[in-house]
Amino acid sequence: MSVLAGHTAIVTGASSGIGHAVAAGLADAGAAVVVNYRSDEESAETLAQRITGAGGKAIAVQADVSQEPDVTRLFDAAVAAFGRVDVLVSNSGVQKDAPVADLTLADWNTVIDINLTGQFLCAREAVRRFRAQPRDGRPARSAGTIIAMSSVHELIPWAGHVNYAAAKGGVRMLTRTLAQEVAADGIRVNAIAPGAIRTPINKEAWETEAALTKLLKLIPYGRIGEPEDVARAAVWLASDAADYVTGTTVFVDGGMSLYPEFRDNG
Ligand code: NAD
């Protein structure tokens, strides 16, 4: 299935977890992929080589999404390698958890800088590039698509994680507002809200049997999510199959956002 043939996609934070699977999924669907990483060069290079080894196109590019010059450099690298950018998956994110009374300003700022300002910087650059590219010869019906990696915590409050939930709530309105603003340019902007996905960011929530049992009580579908569950949604949102979809969040959460505690409250 080469639904993304001719597309170039940038995936931020693609050296691990969800971003890694999304980059691999987009490549499997035919896209040339820019595998962004902040510090794990080896993992990003290994993925890029795996994609090229299988006949695809990929490069690994270091950039910190919270730094404006890095974001410009990331897009420049994509255009230099592949001539255009069609898809941005703005996936990078961190957690710095603490009860609010103990949360330092530094940890508040770090999470907002990466999880929200990083999304703004990447989306702004994507819009600029999408608008500047010639419309002729575009591989897709849209002039470009942006997919922001949000979280169920754009909706569900999360005690002890106020910086993370505030950033993801911001991503929700960034997505919707941007979608409204750039729809007339033919640019689609959507978000994916993963529930609990088995990645390094939430290892303590699934690595022991006891933690996993507790977690599964929050997931009506009865299993933890895998990064590939999110990757499949990203491929769909990036493709013409989702051509009329903009300004929405696709929840990939096994029902976590369905107030699961009400299941037993008949
Ligand atoms: P992860 O820790 O494996 O991935 C996060 C990635 O972001 C890492 O590759 C990291 O290097 C990168 N990153 C961090 N700071 C960066 C920076 N300044 N510049 C560039 N890259 C940076 O965890 P993950 O679960 O794969 O998380 C990916 C995204 O999914 C995050 O936005 C996260 O909030 C979101 N998410 C994850 C889950 C889950 O259950 N795993 C649930 C909801 C949302």
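1. Basis of the note. This is a predicted model, in which local features need pLDDT of at least 70 and side-chain atom pairs count only at pLDDT 80 or more, while totals for chains, interfaces and linings use all residues. Residues are numbered from 1 along each chain as its sequence is written.

2. Overall layout. The chain has seven helices and seven strands, which run β-α-β-α-β-α-β-α-β-α-β-α-α-β from the N terminus on. Its radius of gyration is 18 Å, close to the 18 Å that the globule rule gives for 266 residues, so the chain is as compact as a globular protein of that length. The radius is taken over C-alpha atoms, and the rule is 2.2 Å times the number of residues to the power 0.38. Helices (H or I, at least four residues) and strands (E, at least two) are DSSP runs, numbered from the N terminus.

3. Burial and core. Buried residues make up 44% of the 266 residues. A residue is buried if 20 or more other C-beta atoms, placed from the backbone, lie within 10 Å of its own, exposed if 12 or fewer, and partly exposed in between. The largest nonpolar core has 75 residues, and Val11, Val22, Leu26, Val33, Val35 and Ala234 have the most contacts inside it. Helix H4 (residues 105–132) gives the most to this core, with nine residues. Such a core is a set of buried Ala, Val, Leu, Ile, Met, Phe, Trp, Tyr and Cys residues joined through C-beta atoms within 7 Å.

4. Helix H1. At 1.5 Å a residue, the 12 residues of H1 should span 16 Å, and the 17 Å between its end C-alpha atoms agrees with this; the expected span is 1.5 Å times one less than the number of residues. H1 is mostly covered, with 11 of its 12 residues buried. Ala234 touches Val22, Gly25 and Leu26, among others, not counting residues up to four places away in sequence. Contact means that the C-beta atoms of two residues, placed from the backbone, lie within 7 Å. Just after H1, Gly30 takes a positive phi of about 105°.

5. Leu74. This residue lies in helix H3 (residues 68–82). Leu74 counts as buried because it has 24 C-beta neighbours inside 10 Å. Leaving aside neighbours within four places in sequence, Leu74 is in contact with Ile10, Asn36, Val61 and Ala63. Between Leu74 and Val61 there are 6.6 Å, C-alpha to C-alpha, although they are 13 residues apart in sequence.

6. Helix H5. H5 (residues 162–182) has 21 residues and reaches 30 Å from its first C-alpha to its last, close to the 30 Å expected. Its buried residues, including Tyr164, Lys168 and Leu174, pack against H4 and strands S5 (144–149), S6 (187–194) and S7 (249–252).

7. Tyr259. Most residues other than glycine have a negative phi. Tyr259, in the segment after S7, has a positive phi, near 50°. Tyr259 is exposed, with 11 other C-beta atoms within 10 Å.
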